[in-house]
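Please view the sequence and the model alongside the text.

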Amino acid sequence: MAGVVKTFGGLARAAGKALDRLGASLEAAPYFEHLNPSTRVVSYQGVQPKISGSVFVAPTATIIGEVQIGEGSSVMYGATIRADVNNIAIGQNTTVGDRAILHVAKIQGDAPTIIGDHVLVGPNAVIHACELKDECFIGAGASVLDNAVVEKHAWVAPGAIVTMGVTVPSGQLWAGVPAKAVRDLTEEEISSIKATALENVALAETHRLEQEKKVDQVVLEEHLHQCDEEREPEMGPRFDPAGDEWRKRKLPEPPAPTHEEIYYGPSKTATRFN
């Protein structure tokens, strides 16, 4: 009985693959399966976020409403940018860290959120209805509240709270609850803000390329990794964008993605999304 069930299961699976291939051949436009979950970019009352083409938006980030994001910026995993009752503008090469929250005010005061170029917003930071000027740093878990201003080359320490209406002057480090001036920044600390922002641009690009990979590309990379006997113990060879690396190295052809790999990824841990 077990043998009959096993045989029937194999036949049903083969029939499913055949139907999938038939459906793909009948499509008017090419269709690809991706491993990454869908990015949430949501309009609000008919207003759609405006995101430049080079921006990296992590799959688990959420961007809502009247948001504008400049070239080279990145919105990392779990971050939320919600511009429902006012607008949010983010400049170029700015990083919004993991799980950071950006919001605005309208009911109690008319205050958008304006963020300049080369700004570093740390993970878990709260940026609410305020202004962050070019090349400033907001540490992890810090909060900048309504109508506050963080000037260019200013530094807000992790966990600090810049209270409503306060201005953090250029060249100073502020810390504490409520945040107060601690000391002047060194030239090295000031120059590190822009340098780190540019490093984050390159890092975000590697994340973007990984998210854009298709299932067959991931399967090929895994195949090359397993076949390469000369790789370092921890790191395998980089994937060849031309897609013919295994032919150059005279390796056996990679297997076609299985039904499970298409829907769940090679390790069966990823999720299939359109």
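## A salt-bridge network

Glu205 is partly exposed, at 30% relative accessibility. Here buried means under 20% relative accessible area, exposed means over 50%, and partly exposed lies in between (1.4 Å probe, protein chains only). The model is predicted: local features need pLDDT of at least 70, side-chain atom pairs count only at pLDDT 80 or more, and totals for chains, interfaces and linings use all residues. Residues are numbered from 1 along each chain as its sequence is written, and side-chain values use heavy atoms, with hydrogens and water left out.

Glu205 meets Arg208 in a salt bridge, 2.4 Å from N to O. The term requires a side-chain nitrogen of Lys or Arg within 4 Å of a carboxyl oxygen of Asp or Glu. Both residues sit in helix α2 (residues 187-211), 3 residues apart, about one turn of the helix. Helices (H or I, at least four residues) and strands (E, at least two) are DSSP runs, numbered from the N terminus. Arg208 is partly exposed, at 23%. Arg208 also bridges to Glu212, with the closest N and O atoms 2.8 Å apart. Glu212 has a relative accessible area of 42% and is partly exposed.

## Another salt bridge

The count comes to 7 salt bridges. One of them joins Lys106 and Asp110, whose closest N and O atoms are 3.3 Å apart. Lys106 is partly exposed, with a relative accessible area of 44%. Asp110 is exposed, at 54%.

## Aromatic pairs

How many aromatic pairs does a search of the whole structure find? The search finds 2. One of them, Phe137 with Trp155, is tilted: 4.5 Å centre to centre, 50° between the planes. Phe137 lies in strand β13 (residues 137-138) and Trp155 in strand β16 (residues 155-156), so the pair ties together parts 18 residues apart in sequence. Rings of Phe, Tyr and Trp (its six-membered ring) pair if their centres lie within 6.5 Å; planes under 30 degrees apart are stacked, over 60 edge-to-face, and the rest tilted. Phe137 and Trp155 are both buried.

## A nonpolar patch

Leu19, Leu22 and Leu26 make a nonpolar surface patch of about 350 Å². Patch residues have over 30% relative accessible area and no salt bridge; like charges are joined within 9 Å, nonpolar side chains (Val, Leu, Ile, Met, Phe, Trp, Tyr) within 5 Å. Accessible areas come from the Shrake-Rupley method with a 1.4 Å probe; for residues, only the protein chains shown count as cover. Leu26 belongs to helix α1 (residues 2-26). Leu26 is exposed, with a relative accessible area of 65%.
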